[in-house]
Amino acid sequence: MNKQLLLGSIFCMVASMSWGAMFPVAHIALQEIDPFYFSFLRYFFVTVILCGLLWAKEGLSAFRFEGRGKSLLFFGTMAFTVYNMGVFLGQDLMGEPGTIAASIMEVLMPMISIVLLSITTRKLPPSYTLATILVALVGAVLVITNGNLTFFTTASEHLIPLVFIFIGVVGWVVYSIGGGRFNTWSTLRYSTLTCLLGTGVNFVIVTTSSLFQWLPVPTVETVMSIKYEMAFMVLLPGFVALLSWNAGIKLLSPLNGILFINLVPITTFAMMAFQGYEISRYELCGTLLVILALIGNNHFQRKQLQYRSVTKQQPSGRKVPSM
């Protein structure tokens, strides 16, 4: 069981760090291409890779919806339409500040997941999970704001873009929670079919918008001008991160896995630091808080699993000392 937690943590960490790296790269690409076509083309290529891999590993029978097409379409739309188009549209509208704003908005995912899960299950998560989420949130905010609370004042000037990003983030939380309904399916199958259907919705949106001349169709030259950025977005934050995230969520549960999303803004900041940005004490403390929260949640989760294991092994009628 400990191995399962470790593996799930690694998967979620890989996905979150990949997404943290994608915002600076997306900022470069969005200067050349519309965010809607950018989102569509990105996951079009991811879908092609996933479909080929699923066909090779599980055969054509794995493409059957088994009467769950509506659910797959809904969750696929939440992830690959609502999240991607909402986040990148908001980031594009905000310009340079959108890179940081989009990454810090990801930190709201654990809070949003708690609200959604509490509504659907009518049950609050363990107190230690709530505590670690709050610690990680404080740490991420310290990193992004560098201890300067005027960040939130300037953010109010970009209300509409922030709303788009927030709606997108909610979409990804819904998708992550929805994966629990497909536990009997392989991670590859759930990822492929939701990505396929979500990309189909994206195709309808960009095609319709272009027919009504709401969106310009990107030229071949435009697409080729961002070929390196697109290749990165497809392979790492797209293909690798998607499979890693769904596998990690499956092993850890949505609530515990989403805690790792706090690494997104940390990674965005780290890329900036790599380019010569000087780390302040606020940013260092914030990074340590996020790491502490992740380690703490994992530690308490292991203790809870060990306690449950011991409880099951006790003879009936015998009490186990409380922790």
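The model on screen is predicted. Look at the backbone of Ser253, where phi is positive, about 95 degrees, although the residue is not a glycine. Most residues other than glycine have a negative phi. Is Ser253 buried, exposed or partly exposed? Its relative accessible area is 28%, so Ser253 is partly exposed.

Next, select Glu66. You will find Glu66 in the loop between α2 and α3 (69-94). Here too the residue is not glycine and phi is positive, near 55 degrees. Glu66 has a relative accessibility of 53% and counts as exposed, because the cut-off for exposed is over 50%.

**The whole chain**

Now zoom out and colour by secondary structure. How many helices and how many strands does the protein chain have? There are 14 helices and zero strands. Reading along the sequence therefore gives the pattern α-α-α-α-α-α-α-α-α-α-α-α-α-α. The radius of gyration of the protein chain is 20 Å, close to the 20 Å that the globule rule gives for 323 residues, so the chain is as compact as a globular protein of that length.

Turn the model to view it from several sides. The C-alpha trace spans about 70 × 55 × 35 Å along its principal axes. Show the surface: the protein chain exposes about 15900 Å², and carbon and sulfur atoms supply 69% of that area. Of the 323 residues, 49% are buried. Among contacts with a separation of 6 or more, 86% are between residues 24 or more positions apart.

**Two packed helices**

Select residues 35-58, which form helix α2, and residues 187-211, which form helix α9. Two packed helices are described by the angle between their axes and the distance between the axes. What are the angle and the distance for α2 and α9? The angle is about 145 degrees, and the axes are 8 Å apart. The crossing of α2 past α9 is left-handed. In this contact there are 16 nonpolar residues, seven polar and three charged.

Stay with helix α9 and select Thr192, which lies in it. With a relative accessible area of 0%, Thr192 is buried, because buried means under 20%. Which residues does Thr192 contact, leaving aside its neighbours within four places in sequence? They are Leu50, Cys51, Leu54 and Phe63.

**A last stop in helix α6**

Select residues 127-145, helix α6, and pick out Val143 within it. Is Val143 buried or exposed? Its relative accessibility is 1%, so Val143 counts as buried. Show the residues around Val143. Not counting residues up to four places away in sequence, Val143 touches Ile266, Phe269, Tyr282, Glu283, Gly286 and Thr287.

Along the chain, Val143 and Pro265 are 122 residues apart, and their C-alpha atoms are separated by 7.9 Å. To end the tour, show Val143 and Thr192 together: Val143 is buried at 1% relative accessibility, and Thr192 is buried at 0%.

Conventions: Residues numbered from 1 in each chain as written. Predicted model: local features only at pLDDT ≥ 70, side-chain atom pairs only at ≥ 80, totals over all residues. Heavy atoms only, no water. Axes fitted to C-alpha atoms, helices over the stretch in contact; angles between N-to-C directions. Helix = DSSP H or I, 4+ residues; strand = E, 2+ residues; numbered from the N terminus. Left-handed = near helix turned anticlockwise from the far one by under 90°. Nonpolar A, V, L, I, M, F, W, Y, C, P; charged D, E, K, R; others polar. Rg over C-alpha atoms; globule rule 2.2 N^0.38 Å. Buried < 20%, exposed > 50% of the residue type's maximum accessible area, 1.4 Å probe, protein only. Contact = heavy atoms within 4.5 Å. Areas by Shrake-Rupley, 256 points an atom, 1.4 Å probe, with all protein chains shown as cover.
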